[in-house]
Amino acid sequence: MAYKINDDCLNCAACVDSCPVGAIVEGDSKYDINADCVECGACVDTCPVSAIINE
Ligand code: SF4
Ligand code: SF4
């Protein structure tokens, strides 16, 4: 299981400040979660389109 951002991401950046370890970063076409993620789940409910998933 790992947190990921899917293609529904609107690049709104609303999730970025919710991450305590700065693991949400701007990618080529959407935001991405990098290997620093500690799987706390804090970012999930900040996304207006539910693009942050745990799979
Ligand atoms: S699950 Fe927690 S550590 Fe991982 S990206 Fe979301 S807020 Fe950051
Ligand atoms: S809050 Fe959702 S739509 Fe906005 S940048 Fe984060 S993952 Fe993308």
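Me: How do the residues of the shell around ligand 1 divide into nonpolar, polar and charged?

Reply: Reading a shell begins with sorting its residues by class. In this predicted model, the shell around ligand 1 consists of 11 nonpolar residues, 1 polar and 1 charged, and of its 13 residues the ones that come nearest are Cys 19, Cys 37, Cys 40, Gly 41 and Cys 43.

Me: And which residues come nearest to ligand 2?

Reply: There are again 13 residues around ligand 2, and those that come nearest are Cys 9, Leu 10, Cys 12, Cys 15 and Cys 47. By class, the shell around ligand 2 holds 12 nonpolar residues and 1 polar, with no charged residues.

Me: How many salt bridges does the structure hold, and how should I read them?

Reply: A salt bridge is read from the distance between a side-chain nitrogen of Lys or Arg and a carboxyl oxygen of Asp or Glu, which has to be within 4 Å. The structure holds 2 of them. In one, the side chains of Lys 4 and Glu 55 meet with N to O at 3.4 Å; this pair links distant parts of the chain, since Lys 4 sits in strand β1 (residues 3–5) and Glu 55 in the segment after β4 (52–54), 51 residues apart. In the other, Asp 32 pairs with Lys 30, and their closest N and O atoms are 2.5 Å apart.

Me: Where does Ala 51 lie, and which residues does it touch?

Reply: Ala 51 lies in the loop between β3 (31–33) and β4, and its relative accessible area of 1% makes it buried. Leaving aside residues up to four places away in sequence, Ala 51 touches Lys 4, Ile 5, Asn 6, Asp 8 and Cys 9. Asn 6 is 45 residues from Ala 51 along the chain, yet their C-alpha atoms are separated by 5.2 Å.

Me: What does the protein chain look like as a whole, in strands and in radius of gyration?

Reply: The protein chain has 0 helices and 4 strands. For 55 residues, a compact globule would have a radius of gyration near 10 Å, and the chain has 10 Å, which agrees. Among contacts between residues at least 6 apart in sequence, 56% join residues at least 24 apart.

Terms used: Residues numbered from 1 in each chain as written. Chains lettered and ligands numbered in written order. Predicted model: local features only at pLDDT ≥ 70, side-chain atom pairs only at ≥ 80, totals over all residues. Heavy atoms only, no water. Near = heavy atom within 4 Å. Nonpolar A, V, L, I, M, F, W, Y, C, P; charged D, E, K, R; others polar. Helix = DSSP H or I, 4+ residues; strand = E, 2+ residues; numbered from the N terminus. Buried < 20%, exposed > 50% of the residue type's maximum accessible area, 1.4 Å probe, protein only. Contact = heavy atoms within 4.5 Å. Rg over C-alpha atoms; globule rule 2.2 N^0.38 Å.
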